[in-house]
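Work through the exercises below with the sequence and the structure open. Each has a task sentence and then a solution in steps.

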Amino acid sequence: MASDRRDQAVRAAVEQGLLSEAQPVAALLDVAGIRASAASLRAAFAAVTDAPVLHAFAVKASPLAAVLALLRAEGIGAEVASPGELALARAAGVGPEHTVLDSPAKTPSELREALSLGIAVNADNPQELARVDALVSSAGSRSPLGLRVNPQIGRGAIGALSTATPTSKFGVALRDEGAREWVVRAYLDRPWLTRLHTHSGSQGMPLTLMAQGIRAVYELAEEINAAVGRQQIDTIDIGGGLPVNFASDEETPTFAEYAGLLAEQVPGLLDGRYGLVTEFGRSLLAKHGTVLARVEYAKTAGSRPIAVTHAGVQVATRTVYDPISWPLRIAAYDSKGIPKAGADVPQDIAGPACFAGDLLAEARPLPLLEQGDVIAALDTGAYYFSNHYGYNSLPRPGVYGFGAGADGSVRFATVRAPQSLEGIVSESGGDHPDALTGGV
Ligand SMILES: Cc1ncc(COP(=O)(O)O)c(C=O)c1O
């Protein structure tokens, strides 16, 4: 998000009372930024292939109905990986023809539902494919069906997000003994198996390694089609995983760079014979989200200044538990939402949770924060505030989309209302307080 647009939005959020004593943390989404990213994704692939491309947003990156509906309006579908994500995509009006179901642990009833809706499904493993076999032979299906493979090309900088390691849990491990032959046979035996899927991301993977994974899958598709004697595989799902720059406002790498690299490294994939599915998540949303939080107290310990804020592990779980892999930029504002001036002082930006590691940033040089100031955690539009972690029964903050009104003022729309205390009690078994004292 451009810093001037962000500054305007922060000031308006403070002036319009989105942040208050009762709601000391709030999240903002830049609607124009999301639209621009969707358009640049579509343009990037339209520039390299004439074949049909379904861009399916990885719902896990921002499971918010209004975000999915906004993306749908921008021509982007949904990649879902749980019944909850599928329900959300449907609630947002994403049609079955624009929805793809991937996940490593689909139950028989999830598969049945997906096939009856006509949603595309990528089977993860031989056992799942056997379940799909049974459903196809009993009820048939108009779902496009595929198989996920792991090209085992190696890991990126973040082990927990590397899906193409030799022992990753996802897909059929293609280089394992006998696996490739098994995959080819699986397609020969199933004329209705028309897609091949891989996702070699995510954050921390070099683009060249991702392109290698896609090349491996393209070569497999060519081998299968040659073995079958016709183009049975008509669509390749290349997954998501484009990394995001968390170090500055610059949006890099771009979708165009990635599409250009694929055109260079895997030209046959883009020559029009294969339809494509993409599943980008983080790269569509991350730069367009900001968490705002009030500084409740400013204190020192061991002569280190500490700003105790309301944003911590509940909205920035990955950063708090793995700060080396997931550093976040923090911007400092005063109590009116105006960028704070002053010499940088190394200080900790702490969250509200009751454990010592609940820090958004450690010894971060920033103008010295004071009680009542506001901090902004930047680039948090994907996998942060949208993926709440309920430690200390901290409520899910409100999420507000913003855009410019006709008069140039900043206007907000509620994407998700802040969670109430009643909501917390209810989701924590508040309807069953006597469950354990009643003589079980
Ligand atoms: C199958 C699949 N597709 C797409 C994605 C989205 O990845 P990213 O948000 O890095 O683009 C993921 C992320 O975990 C995934 O597992």
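**Exercise 1. Domains**

Task: Which residue ranges make up domain 1 and domain 2 of the chain?

Solution. The assignment places 3-29 + 287-421 in domain 1 and 32-285 in domain 2; such bounds come from an automatic or database domain assignment. Before going further, note that this is a predicted model, in which local features need pLDDT of at least 70, side-chain atom pairs count only at pLDDT 80 or more, and totals for chains, interfaces and linings use all residues. Residues are numbered from 1 along each chain as its sequence is written.

Next, take the centres of domain 1 and domain 2 over C-alpha atoms: they are 33 Å apart. The contact between them involves 19 residues from domain 1 and 18 residues from domain 2, where two residues are in contact if their C-beta atoms, placed from the backbone, lie within 7 Å.

Then look at the side of domain 1 that touches domain 2. Strands β17 (398-404) and β18 (410-416) each contribute at least two residues to that side, and β17 gives the most, with 3 residues. Helices (H or I, at least four residues) and strands (E, at least two) are DSSP runs, numbered from the N terminus. Sorted by class, this side of domain 1 has 7 nonpolar, 8 polar and 4 charged residues. In that sorting, Ala, Val, Leu, Ile, Met, Phe, Trp, Tyr, Cys and Pro count as nonpolar, Asp, Glu, Lys and Arg as charged, and the others, Gly among them, as polar.

**Exercise 2. An annotated range**

Task: Find what the UniProt record lists for residues 287-381, and describe the chain there.

Solution. The record, an unreviewed entry, gives these residues as "domain: Orn/DAP/Arg decarboxylase 2 C-terminal". UniProt positions are given in the numbering used here, feature names are shortened, and annotations may be inferred rather than shown by experiment. In the model, residues 287-381 are 5% helix and 46% strand.

**Exercise 3. Around the ligand**

Task: Which residues come nearest to the ligand, and where does Glu 279 lie?

Solution. There are 18 residues around the ligand, and Ala 58, Ser 202, Gly 240, Glu 279 and Gly 281 come nearest; a residue is near a molecule or strand if its C-beta atom, placed from the backbone, lies within 6 Å of it. The shell consists of 4 nonpolar, 9 polar and 5 charged residues.

Now take Glu 279, which sits in the loop between β10 (275-278) and α10 (282-285). Glu 279 is buried because 27 other C-beta atoms lie within 10 Å. The cut-offs are 20 or more other C-beta atoms within 10 Å for buried, 12 or fewer for exposed, and in between for partly exposed, with C-beta atoms placed from the backbone. Val 100, 179 residues away in sequence, has its C-alpha 8.9 Å from that of Glu 279.

**Exercise 4. Buried or partly exposed?**

Task: Decide whether Val 25 is buried or exposed, and do likewise for Leu 188.

Solution. Val 25 lies in strand β1 (residues 25-30). With 27 other C-beta atoms within 10 Å, Val 25 is buried. Leaving aside neighbours within four places in sequence, its contacts include Leu 292, His 310 and Pro 397. The C-alpha atoms of Val 25 and Leu 292 are 5.6 Å apart, although 267 residues separate them along the chain.

Leu 188 belongs to helix α7 (residues 179-188). Leu 188 counts as partly exposed because it has 14 C-beta neighbours inside 10 Å. Beyond its neighbours within four places in sequence, Leu 188 is in contact with Ala 227 and Val 228.

**Exercise 5. Backbone details**

Task: Which peptide bond is cis, and what is phi at Asp 379 and at Asn 392?

Solution. The bond from Thr 252 to Pro 253 is cis, with omega near -5°. Pro 253 is in the loop between β9 (235-237) and α9 (255-265).

Asp 379 is not a glycine, yet its phi is positive, about 60°. Asn 392 also has a positive phi, near 60°. Asp 379 is placed in the loop between β16 (374-378) and β17, and Asn 392 is in the loop between β16 and β17. Asp 379 is buried, with 23 other C-beta atoms within 10 Å, whereas Asn 392, with 14 C-beta neighbours inside 10 Å, is partly exposed.
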